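Me: I would like a close look at a single part of this protein. Please keep it brisk.

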Amino acid sequence: MRLFIVDAFTSTAFKGNPAAVCLLEDRVPDEWMQAVAAEMNLSETAFLLDDSLRWFTPKVEVTLCGHATLATAHVLYSTGAATGPVKFATASGPLTVNRMPDNMITMDFPAKEVTPATVPDGLEKALGASPVSVGRSALDLLVELESEEVVRSLTPDIPALAAIDARGVIVTAAGSATDFVSRFFAPNVGVPEDPVTGSAHCALSPYWTARLGRDTLTGAQLSARGGVVRVTLDGDRVQLAGHAVTVVTGTLHI
């Protein structure tokens with residue numbers, strides 16, 4: 001089976017978020033996919049069989065993943081396996097991707113509405129920062145902080161964040177060079193900090209559109225690797241867009 005490692009949400013190798021992409025030739029057990037994902041030890045490994053797309057962290061299967069979807073689409077386009085729109089069947093319903101003339105790939109994802117929430121016990125201490133506001137999406141806790149610099153310099157207590165009842169914790173603030181910035185911590189699913197998180201932007205897009213009054217925005221994720229995601233809110237859907245770079249092409253022998 002062919003195996004790729006792709007840096008997503010970046011046009012520069014060794015930046016953005018690396019994902020492994022495995023092109024399956026036949027059905028395989030879930031346990032096997034989980035073992036491969038653990039072996040890859042990246043935040044996500046994507047498995048594609050025909051049009052069926054699934055995502056695994058080193059620890060669990062997840063129901064939605066942006067950067068590994070982008071990586072999979074990039075593999076299909078860069079190898080010539082696809083030229084036009086591609087529709088994946090996923091646990092989050094049909095997800096359509098398309099390549100634009102500038103090689104940016106767009107992805108049609110479900111928007112995740114953020115509703116106000118009370119501050120969970122221990123959150124402020126775990127983050128080491130005081131929230132401006134706290135909300136919840138269907139997947140994550142979203143925490144707005146005072147400024148971009150506070151988000152950038154954050155050094156949270158990762159084990160303490162694992163006690164928060166959510167897939168992950170998104171921290172965000174208004175940006176200087178971009179409309180907003182963010183970071184994403186998900187120790188509950190085996191990802192202490194994700195470099196660039198497409199699925200988190202499904203919540204960040206409606207959140208910041210409501211704040212800024214514009215449907216199309218650009219977000220920067222301020223991890224050590226960094227990455228940029230363009231988002232456009234369209235009703236109950238979000239168009240995520242970004243570039244990707246293949247860094248490894250190989251063969252899986254197991």
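Predicted model: local features only at pLDDT ≥ 70, side-chain atom pairs only at ≥ 80, totals over all residues.

Start with the helix. Helix α1 covers residues 30-40. Its buried residues are Trp-32, Met-33, Gln-34, Val-36 and Ala-37. An α-helix has 3.6 residues a turn, so residues three or four places apart point the same way. Keep that spacing in mind when reading the buried positions of α1, among them Met-33, Val-36 and Ala-37. After the helix comes Asn-41, whose phi is positive, near 55°.

Now the rings. Trp-32 is one of the buried residues of α1. Ring pairs link Trp-32 with Phe-47 and Phe-56 into a cluster.

The structure holds four aromatic pairs. One of them joins Phe-180 and Trp-208, and this pair is stacked. Their ring centres lie 6.1 Å apart, with 5° between the planes. Phe-180 sits in strand β13 (residues 180-186) and Trp-208 in helix α6 (residues 198-212), so the pair ties together parts that are 28 residues apart in sequence. Both Phe-180 and Trp-208 are buried.

A loop position is also worth a look. Ser-137 lies between β10 (133-136) and β11 (141-144). Ser-137 is buried, with a relative accessible area of 13%. Setting aside neighbours within four places in sequence, Ser-137 is in contact with Lys-112, Glu-113, Val-114 and Ala-203.

Step back to the whole chain. The secondary structure comes to six helices and 18 strands. Buried residues make up 54% of the 254 residues. Take the contacts between residues at least 6 apart in sequence: 58% of them join residues at least 24 apart. Along the principal axes, the C-alpha atoms fill a box of roughly 50 × 35 × 30 Å.

Last, the surface and the charges. The chain exposes about 10,900 Å², and carbon and sulfur atoms supply 52% of that area. There are 18 positive and 28 negative side chains. The centres of the two sets lie 2 Å apart.

How values were computed. Residues numbered from 1 in each chain as written. Heavy atoms only, no water. Phe/Tyr/Trp six-rings, centres within 6.5 Å; stacked < 30°, edge-to-face > 60°. Helix = DSSP H or I, 4+ residues; strand = E, 2+ residues; numbered from the N terminus. Buried < 20%, exposed > 50% of the residue type's maximum accessible area, 1.4 Å probe, protein only. Contact = heavy atoms within 4.5 Å. Areas by Shrake-Rupley, 256 points an atom, 1.4 Å probe, with all protein chains shown as cover. Lys, Arg positive; Asp, Glu negative; His and termini not counted. Charge placed at Lys NZ, Arg CZ, Asp CG, Glu CD.
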